[in-house]
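Subject: Structure for your review

Dear colleague,

Please find below the structure that I am handing over to you. My findings follow it, arranged by region.

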Amino acid sequence: MSFRARNLAFAYGVADVSFDLDACGFVAIAGPNGAGKSTLLGIMAGLRHPYRGSCAYENVELRQWRRRDFARRVAFLPQTVRVEFPFTAEQVVLMGRTPYGGGWYESPQDFAAVEEAMRTADVLPFRARDFRSLSGGERQRVILASALAQQPRTLLLDEPTTFLDLRHQLAMYRLLAALGAGGMLVVSVTHDLNLALQFADRALVMRDGRIAGDGPPREVFSPDLIERVFGVRVEIDGGWIRYGR
Amino acid sequence: MDGKPEIVSGQACVPAERDKPERIASRAASATLIAAIAAIAAGLASPLIGSAHISLSRAFARASPDYEIFFYARLPRVLLAMIGGAALSVTGVLFQCMLRDPLAEPYTLGVSSGASVGAVLGICFGLRATGLLSLGGAALVLLIVLGIAMEGRRLSSFTLMLAGVTMNSIAFAIILFLHSTATFSQSFAISRWLMGGLDAVEYSTLAWLALIVLPVCAAVIRLARQWNLLAVGDDWAASRGVSTGALVIFGYVAGSVLTGLVTSLTGPIGFVGLIVPHALRLRLGADHRVLLPCSFFAGAAFLCVCDTLSRTVIAPTEIPAGVLTALAGGPFFIWLLRSRRRSLWL
């Protein structure tokens with residue numbers, strides 16, 4: 001088991017949330033704006049505290065984890081990162097190795113991990129470019145590479161496909177599903193119910209800071225629940241959610 | 001990850017030219033070495049330059065007046081300029097990184113002015129601990145400016161700069177008030193000091209300054225890898241294992257100490273922390289492991305050269321070093337402001 005939350009609550013966003021997550025698989029968190037998805041993800045990443053209730057990772061309460069040890073297991077991808085200084089894409093990815101290095105410079109192993117992560121995220125062609133000169137989608141993939149360079153057991157993503165074109169959206173979801181199948185736990189906030197339906201192993205639907213639905217996406221995303229949570233009438237047609245006009 | 005990673009970009013997947021790790025390290029080392037050599041060269045040459053011509057051999061042979069001019073008039077002043085320049089440009093890098101704002105600098109944030117108020121208070125009331133008062137003024141202004149610019153969990157760069165400008169005005173109003181109530185000799189001391197001139201100081205004072213400034217700078221430089229992450233973001237650093245709270249507090253304390261102590265001896269010297277780090281970033285990139293040590297040495301060299309110019313350009317009249325750095329730094333600041341507006345996300 002990886003995350004276990006019991007009556008988890010925060011000053012804003014998250015009101016009362018309980019769940020158990022397996023050690024691997026691809027979990028999608030869906031819900032309308034302001035439902036508390038990002039706040040929940042922030043708490044799980046150890047970035048929002050103090051929280052009320054309990055949230056444990058590998059049976060250790062989050063506040064008791066040492067930052068560095070936690071960062072070797074859990075990586076977090078924000079929606080976007082704004083960089084003011086001329087770091088290259090590769091330098092941004094190299095920062096993912098911080099929890100491993102005690103030295104002034106990264107080790108050869110660090111560079112090998114970075115190389116691998118950049119290949120997986122498909123950002124090798126612009127490794128030497130200034131991060132600020134990249135497009136939104138390219139930046140998002142560099143941030144993904146930086147998280148992969150942490151070699152985490154758990155990957156938390158906040159709407160990773162916001163700036164991606166169709167092709168890279170699909171590639172991202174395929175990658176997340178493959179990582180989940182390969183033994184990693186991937187938890188991603190998403191607005192695209194159809195992509196979640198196709199790729200995720202499990203869906204957590206949030207509304208008003210609470211869990212409104214939890215289970216395999218095909219069971220959770222029923223027209224009933226979607227109307228109740230999102231206030232939109234839909235049909236399920238051949239395994240796809242169809243929105244009315 | 002699944003054996004054969006999927007390549008989806010249309011570009012040919014030929015990895016761009018990449019540096020070997022050793023090459024990165026050796027380039028950083030050579031950049032630092034060059035900066036260090038520049039600083040040492042400036043430090044050795046500057047005391048020999050001036051309105052009176054002196055020779056190094058006569059100075060070391062204790063021949064008068066070369067000996068007195070070299071060791072009591074020029075060398076302490078050059079050392080002060082070097083320590084001050086190093087401290088101010090390291091502080092500039094530090095503030096820019098922590099505030100994620102390329103325009104941040106002790107002077108633009110009003111921190112130098114806060115230190116000035118402390119020092120002027122010291123002069124007016126005849127207190128000896130001007131250094132401590134400056135430090136207090138610097139820390140107080142930093143707290144106020146940060147407090148004003150904090151919007152929830154984020155800092156607004158726009159508010160930050162306006163708060164800095166406002167604190168500058170308030171600080172100078174206080175200084176003018178103190179000035180108007182001062183006696184004639186105090187008044188002279190205040191104006192001399194405010195121009196940001198470097199005067200010869202006693203070696204014991206210099207030793208004290210070095211004893212605090214050098215270890216603080218070393219401690220800042222040692223944390224370079226963490227500053228890299230903090231320069232991207234708080235959450236970014238925290239989710240990669242950095243204890244951001246402690247790091248930020250250390251950064252602000254170190255910045256206040258460096259600005260406060262140096263300002264108490266040199267007067268408000270602006271823009272060193274802006275010009276030096278930016279010039280270096282253009283050439284060396286943003287990695288603080290190169291940027292910080294190079295800023296330390298280049299800052300020392302820069303202020304040393306500025307001070308030598310200030311002594312010699314229209315000798316025997318002296319232009320205060322602060323005037324020179326402001327004349328160079330003001331236009332530079334405006335250029336930065338303009339180029340930043342053109343960039344994509346502002």
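Which residues have the most contacts inside the largest nonpolar core? The model is a predicted one, and in it that core has 170 residues, with Val93(A), Ala145(A), Leu156(A), Met82(B) and Val90(B) having the most contacts inside it. Helix H3 of chain B (residues 66-99) provides the largest share of this core, 16 residues. For Ala145(A), the contacts beyond its neighbours within four places in sequence are Val93(A), Ala117(A), Met118(A), Ala121(A) and Val123(A). As a general remark, nonpolar side chains tend to be buried together in soluble globular proteins.

The sheets of chain A

Chain A contains an open sheet of six strands, ordered S6-S7-S8-S3-S9-S10, in which the pairing is mixed. S6 and strand S10 (210-215) of chain A each have a single partner strand, so one side of each is left without a neighbour in the sheet. From one strand to the next, the twist averages 15°.

S6(A) pairs in the parallel sense with strand S7 of chain A (residues 154-158) over four bridges; within S7(A), Thr154(A) is the bridge partner of Val74(A).

Elsewhere in the six-stranded sheet, strand S3 (residues 25-30) and strand S8 (residues 185-189) of chain A run parallel and are joined by five bridges. Val27(A) has Val187(A) in S8(A) as its bridge partner. Helix H1 of chain A (residues 37-44) lies across S3, S7, S8 and strand S9 (202-207) of chain A, and runs at about 150° to S7(A).

A further open sheet in chain A is formed by four strands in the order S2-S1-S4-S5, with antiparallel pairing. Its edge strands, S2 (17-20) and S5 (60-61) of chain A, each pair on one side only. Strand S1 of chain A (residues 3-9) pairs with S2(A) in the antiparallel sense over three bridges, and the bridge partner of Ala5(A) in S2(A) is Phe19(A).

Helices of chain B

Helix H8 of chain B (residues 203-222) has 20 residues and reaches 28 Å from its first C-alpha to its last, close to the 28 Å expected at 1.5 Å a residue. Its buried residues are Leu209(B), Val216(B), Cys217(B), Val220(B) and Ile221(B). The elements covering the buried residues of H8(B) include H3, H9, helix H11 (244-266) and helix H13 (288-312) of chain B.

Buried residues in H12(B) include Val272(B), Leu274(B), Ile275(B), Pro277(B) and Arg281(B). Gly285(B), which follows H12(B), has a positive phi near 85°.

Where the chains meet

In the contact between the chains, 38 residues of chain B meet 43 residues of chain A. On the chain B side, the elements giving two or more residues are helix H1 (21-45), helix H9 (224-232) and helix H10 (234-238) of chain B. H9(B) gives the most, with five residues. By class, the side of chain B that touches chain A has 18 nonpolar, eight polar and twelve charged residues.

Yours sincerely

Methods: Residues numbered from 1 in each chain as written. Chains lettered and ligands numbered in written order. Predicted model: local features only at pLDDT ≥ 70, side-chain atom pairs only at ≥ 80, totals over all residues. Contact = placed C-beta atoms within 7 Å. Nonpolar A, V, L, I, M, F, W, Y, C, P; charged D, E, K, R; others polar. Pairing = 2+ DSSP bridges. Buried ≥ 20, exposed ≤ 12 C-beta atoms within 10 Å, placed from the backbone. Axes fitted to C-alpha atoms, helices over the stretch in contact; angles between N-to-C directions. Core = buried A, V, L, I, M, F, W, Y, C linked by C-beta atoms within 7 Å. Expected span 1.5 Å × (residues − 1).
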